[in-house]
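Please keep the sequence and the model in view while reading.

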Amino acid sequence: MEAMIERCAGLDVHQETVVACVLFGPLDKKPKTSIETFSTTTTGLLALSDWLTTLQVSDVVMESTGVYWKPIWNILEDSFHLVLANARHVKNVPGRKTDVKDAEWLAKLLRCGLIESNFVPPEDIRDLRDLTRYRKKLIHHRTSEQNRIHKILQDANIKLTSVLSDIFGVSGRRILEAILNGEKIETDGLRKMVDWRTKASITDIASAINGRIRRHHRDMLRYHWEHMSYLEKAIEELEKQIDQLLSPYRKEVELLDGIPGVNKAAAATFIAEMGVDMSVFKSAKHLASWAGVSPGNYESAGKKNE
């Protein structure tokens, strides 16, 4: 194999240690090898950076192993050209599995230019991705709490969902808070709680909330209600942080928001997952594959398998 990089390093990354193998020397000769093991603490990774700098390394490769590559990437990204390899694409020869051999194998592949780097977005995009993904998780948890409230209301013979399209809208929240507080809801009080745009009549709503609610129901409703309220506040704080990180990308957000079916929240997710520099993707097909919307193709003996 023809060598292309004079000084490169392969890193075999683990939770507590990282084994580094540096290959250096003229491209037309067999390279010299230097191997060291470092701790993955910040002190250890700074020592790794200094060692690589001393050996005048220009390119460094590591596998995308779980989340263990991230702290190393954060320390080295400003000083070296980093390559994040797909573990499936750089699998070593069976029967030759040691940390040192893995690091050496990665370095050999990199020296010959045989590793294609995975896309790693800039730091601000990575931060945005963490926030948008966490927002999705919190929204899922909030929906779960709302579903639990639905179930408890049904168990208490309160048919609020039959008269209100959204029991967590303005009218529904007022009524639910009154139920939680054990208030006796009279017709006049109910009329003040219900928004004028509500289609259902006051009589129908009063009949729907005339159930058999027990102390147990109120306790369970309060647990779910308080957790839901906490999640809503957390989501609101996340939205503010996401909006701040999107400040440099207002133009891109507006362009994405102009696509039918895409709102600002979806635009933020698009930018967080794919970045704004489309030149990192070789083609539209590559972008679709990265986004996870490209179907797989599995064929064997003329038969296609789903």
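Buried means under 20% relative accessible area, exposed over 50%, and partly exposed in between, with a 1.4 Å probe and protein chains only. The model is predicted, with local features needing pLDDT of at least 70 and side-chain atom pairs counting only at pLDDT 80 or more, while totals for chains, interfaces and linings use all residues. Residues are numbered from 1 along each chain as its sequence is written, and side-chain values use heavy atoms, with hydrogens and water left out.

Val 90 counts as buried because its relative accessibility is 4%, and its place is in the loop between β5 and α3. Helices (H or I, at least four residues) and strands (E, at least two) are DSSP runs, numbered from the N terminus. Two arginines, Arg 126 and Arg 135, are found in helix α4.

| Residue | Relative accessibility | Contacts |
|---|---|---|
| Arg 126 | 15% | Trp 73, Asn 74, Glu 77, Val 120, Pro 121 |
| Arg 135 | 6% | Leu 238, Glu 239, Ile 242, Ala 265, Ala 268, Thr 269 |

Val 90 and Asp 219 are 129 residues apart in sequence, and their C-alpha atoms are 56 Å apart in space.

**Helix α3**

Helix α3 covers residues 99-111, and its 13 residues reach 18 Å from the first C-alpha to the last, close to the 18 Å expected at 1.5 Å a residue; the expected span is 1.5 Å times one less than the number of residues. The buried residues of α3 are Asp 102, Ala 103, Leu 106, Ala 107, Leu 109, Leu 110 and Arg 111, and they pack against the strands β1 (7-13), β2 (17-24), β4 (59-63) and β5 (81-85). After α3 comes Gly 113, which has a positive phi, near 70 degrees.

**The nonpolar cores**

A nonpolar core is a set of buried Ala, Val, Leu, Ile, Met, Phe, Trp, Tyr and Cys residues joined through side-chain atoms within 4.5 Å. The largest one has 26 residues, and Leu 160, Ile 175 and Ile 205 have the most contacts inside it. At least two residues of this core come from each of α4 (123-155), α5 (160-163), α6 (170-180), α7 (187-193), α8 (202-208) and α9 (215-245), and α6 gives the most, with five residues. Apart from this core lies another, of 24 residues, among them Leu 45, Leu 48, Leu 55 and Leu 82.

Which residues does Ile 205 touch, not counting those up to four places away in sequence? Its partners are Val 163, Leu 164, Ile 175, Leu 190, Val 194, Thr 198 and Ala 200.

**The largest pocket**

The largest pocket holds about 790 Å³ of space, and of the 26 residues that line it, Leu 84, Asn 118, Phe 119, Val 120 and Trp 290 lie nearest its centre. A pocket here is an open set of points on a 1 Å grid over the protein atoms alone, where a 1.4 Å probe fits, with protein on both sides within 12 Å along at least five of seven lines, and lining residues have an atom within 4 Å of a point. Grid points are joined across faces, edges and corners, and the volume is the space filled by probe spheres set on them. The elements giving two or more residues to the lining are α2 (69-76), α4 and α12 (284-290), and α4 gives the most, with six.

Note on methods:
Contact = heavy atoms within 4.5 Å.
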